[in-house]
Amino acid sequence: MKKILQISVIITLLFACKNESKKEVKDEYQHHKVEKKETPKKKPLSPHTSTMAMIGDAHIHIDYSSPGVRGRIIFGGLVGYDNVWQAGAHMATWIETNKDLIINGEVLPKGKYGFFTIPSKEDWTIMINKNWNQHGKDDYNVNDDVIRFKVTPSISDKITEHLEYKVNKISETEGSISLAWEKVTISFPFKINQ
């Protein structure tokens, strides 16, 4: 009987040690498990963005990449005076309207267009161009301009860090489009062609 009791104690101790050993291995495994950390995505220097508005039943949409000033001289520096600029970064900025617009006394038929400028110290030339799908100004052709006109920029002491377009509603039939970057803002009105 004594032997049976000793054998049962030994067997019980063996099972207890075996289970404890498994637990330690499991704990050790969990302790050394490497946690995978998500590396934060780097913000793009010129994020892709858009702006839009309803003016009456006209939907006007502008799509562009928005570069930052980042301490640089923009106009007359990064963007040279008297040169064609795609009015954004990367792909050409485009404007789309589902209604005919009147800009500077000319009709812009409903559709999608490239938006280009020629900045200068005195005034800017605005070009709305048939070729909206191009990298930068690589394929810009003056013969594809649908409307071309001049505007006078306003200069501010306040810096607009990232290029920003706005479509502003003036009334149910009128609005304006503006571009602001660095210390420069340009703006021009339009009407819905009734």
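I began with Asp145, which is buried at a relative accessible area of 15%. I took buried to mean under 20% relative accessible area, exposed over 50%, and partly exposed in between (1.4 Å probe, protein chains only).

I noted that this is a predicted model, in which local features need pLDDT of at least 70, side-chain atom pairs count only at pLDDT 80 or more, and totals for chains, interfaces and linings use all residues. I recorded that residues are numbered from 1 along each chain as its sequence is written, and that side-chain values use heavy atoms, with hydrogens and water left out.

I then asked how many salt bridges a search of the whole structure finds. The search finds three, a salt bridge being a side-chain nitrogen of Lys or Arg within 4 Å of a carboxyl oxygen of Asp or Glu.

Entry on Asp145. I found its side chain in a salt bridge with that of Arg148, at 2.8 Å from N to O. Arg148 is partly exposed, with 37% relative accessibility.

Entry on Lys169. I found Lys169 in a salt bridge with Glu172, where the closest N and O atoms are 2.6 Å apart. Lys169 is partly exposed at 45% relative accessibility, and Glu172 is partly exposed at 48%.

Entry on Asp57. I found a salt bridge between the side chains of Asp57 and Lys99, at 3.6 Å from N to O. This pair links distant parts of the chain, 42 residues apart. Asp57 lies in the loop between strand S1 (48-55) and strand S2 (58-65), and Lys99 in the loop between strand S3 (94-97) and strand S4 (101-103); strands (E, at least two residues) are DSSP runs, numbered from the N terminus. Asp57 is partly exposed, with a relative accessible area of 48%, and Lys99 is partly exposed, with 30%.

Methods. Helices (H or I, at least four residues) and strands (E, at least two) are DSSP runs, numbered from the N terminus.
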